[in-house]
Amino acid sequence: MIMKNNFILSICIPTYNRAKYLDKSIFSIINQKRFKDKNDVEIVISDNCSTDNTKEVSLKYISIYPEKIRYFKNSNNIYAANVEKALSYGKGTYLKVNNDTLTHLDNSLDYLINLISNNIEKKDILFFPNGTIKNLKHITCNDLNSFVKTVSFHSTWIGAFGIWKEDFDRLENFETIDESWLINDVLFNYILYKKTVKLDNTKIFHSISPKYKGGYNLYKLFITNYLNILEKYTNNYHISKATLFNEKTKLLYKYLIPWTLILWKDSSKYKFSQDAAFSIAFKKYRFHPMFYPGLLYLILRFLILDKIVIKYRNFKKI
């Protein structure tokens, strides 16, 4: 007997060579009562030409739920464009990007379906920071400037992104993901189109940190690409100059400096490129007054870290 499926939610998973993480991600979804008992959630997997056993993992679950899980494999690696490809396969009313390292907490499907159903008439933008923004649970932003002020660089995380299918079929700038490796230009344009964004900061996912996280230039992505997008919308008067200034400061002190220290301390766990880091930072920050105190702080911390590392290595030799 073929079940009739009227999917409300499509969980769209772009993936590449992360079969063991994908396995955990899919299991966390199909193990929920909502998925087992109802037919309003589907999973679509867009395999970016993986060379591991991603296909086998996917087919294992398709054999259990053939009507609710679908698998597609790209003939070649299309890199960040695979996000759009994954979304394009969704049949649900609402399309939710799901990182292949993202596992769902108990009852996340019930929570998402309820949230989608409560917004299905107006179809305001839904955004899921997943508990990353301190002292915030729910808030509505009515323009792009207030959204950037509230969310900051957390807007870059694709796991927070979702889109109504009818809006996905209308938006035409998804190719910018492939250019910048960031969702932001699509998201910001979406906000200009819809105006209202409902942020739900409830923690409903768990993000697994993969071994050897990275594979891109951290500084080019977040300093050059991210700030270029912010400047584009500032030049068009959708983001204020004050918001841009504050965001550059937040990015520097709450993201770039902490990650630089992490990579200095133990770069063996990560695959982030640090090529031309200073020149990339200097180009964007040379006229920013908070850049030089931050640089001095990094130098002092580096000297301290270097001494600690040397002492530790000498101790191990004893």
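Two strands count as paired if DSSP finds at least two bridges between them, and strands themselves are DSSP runs of E with at least two residues, numbered from the N terminus like the helices (H or I, at least four residues). A word on the model before we go on: it is predicted, so local features need pLDDT of at least 70 and side-chain atom pairs count only at pLDDT 80 or more, while totals for chains, interfaces and linings use all residues. Residues are numbered from 1 along each chain as its sequence is written, and side-chain values use heavy atoms, with hydrogens and water left out.

Now to strand S4 itself. Strand S1 (residues 9-15) runs parallel to S4, with 4 bridges between them; here isoleucine 11 has lysine 96 as its bridge partner. Strand S8 (residues 162-164) is antiparallel to S4 and joined to it by 3 bridges, with tryptophan 164 of S8 opposite tyrosine 94.

Which way do the side chains of S4 (residues 94-97) point? Tyr94 and Lys96 go one way, Leu95 and Val97 go the other, and all are buried (under 20% relative accessible area; exposed is over 50% and partly exposed lies in between, with a 1.4 Å probe and protein chains only). In a regular strand the side chains alternate between the two faces of the sheet.

## Salt bridges

With a side-chain nitrogen of Lys or Arg within 4 Å of a carboxyl oxygen of Asp or Glu as the rule, the count is 12 salt bridges. One of them joins glutamate 42 to arginine 70, with the closest N and O atoms 2.9 Å apart. Glutamate 42 is in strand S2 (residues 41-47) and arginine 70 in strand S3 (residues 69-73), so this pair ties together parts 28 residues apart in sequence. Glutamate 42 is buried because its relative accessibility is 1%.

Aspartate 167 and lysine 194 also meet in a salt bridge, at 3.0 Å from N to O. The former lies in helix H7 (residues 165-168) and the latter in helix H9 (residues 184-194), so parts 27 residues apart in sequence are tied together. Both aspartate 167 and lysine 194 are buried. For aspartate 169 and lysine 165, the closest N and O atoms are 3.9 Å apart; aspartate 169 is exposed at 52% relative accessible area, whereas lysine 165 is partly exposed at 22%. Finally, a network of salt bridges links Arg34, Asp40 and Asp110.
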